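Please look through the structure shown here with an eye to its open spaces and its strands. The report that follows takes these topics in turn.

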Amino acid sequence: MGKVMTQLKLTNAGDEGLVRAGLLAPDQVRRLEIEALVDTGATRLVLPADVVAFLGLPQIDRWAVRLADGTVRKIPVVGDIKIDLLGRWMHCDALVTPAGTTPLIGQIPLEGLDLVVKPGSKEIIANPAHPDGPIFDLLAAT
């Protein structure tokens with residue numbers, strides 16, 4: 001299929017919470033737009049340390065990850081991220097890789113935003129079954 005790159009908007013969701021609480025001015029919310037690789041072989045969102053530092057994202061844990069060469073190591077995980085892609089947004093966490101590495105959008109963010117990779121055209125699109133926005137299955141009785 002080839003490499004699929006896209007623009008991804010990132011926001012410090014903690015900053016947005018401070019704005020709602022009246023503790024931070026809206027123009028002080030840390031935001032950034034980056035180019036990211038859509039990697040359906042990856043599971044999570046992956047951000048380089050320089051992007052994480054710019055956004056001021058808090059480390060929430062360290063998780064074991066398997067790298068492409070098969071090695072397993074523990075790396076930092078940050079939270080309080082709002083991602084926006086094709087007008088759809090969600091809150092999520094991200095694995096942190098060294099500064100300057102390529103940001104990755106994995107399966108969980110793609111599912112959460114209900115986006116699909118269109119083979120051949122190397123683009124990411126809204127799920128044609130839900131063009132107006134994500135629809136989530138809630139299988140529990142309500």
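## The largest pocket

In this predicted model, the largest pocket is lined by 19 residues, and V46, V65, R66, L67 and L95 are the ones nearest its centre. A pocket is an open set of points on a 1 Å grid over the protein atoms alone, where a 1.4 Å probe fits, with protein on both sides within 12 Å along at least five of seven lines, and lining residues have an atom within 4 Å of a point. Twelve residues of the lining are nonpolar (Ala, Val, Leu, Ile, Met, Phe, Trp, Tyr, Cys or Pro), four are charged (Asp, Glu, Lys or Arg) and three are polar (the others, Gly among them).

At least two lining residues come from each of β4 (59-66), β5 (72-85) and β6 (88-97), strands being DSSP runs of E with at least two residues, numbered from the N terminus. The largest share, four residues, belongs to β4.

Strands pair if DSSP finds at least two bridges between them. β3 pairs with β6 in the parallel sense over three bridges, with L47 opposite V96, and with strand β7 (residues 104-105) in the antiparallel sense over two bridges, where V46 has L104 as its bridge partner.

## Notes on the model

Residues are numbered from 1 along each chain as its sequence is written, and side-chain values use heavy atoms, leaving out hydrogens and water. Local features need pLDDT of at least 70 and side-chain atom pairs count only at pLDDT 80 or more, whereas totals for chains, interfaces and linings use all residues.
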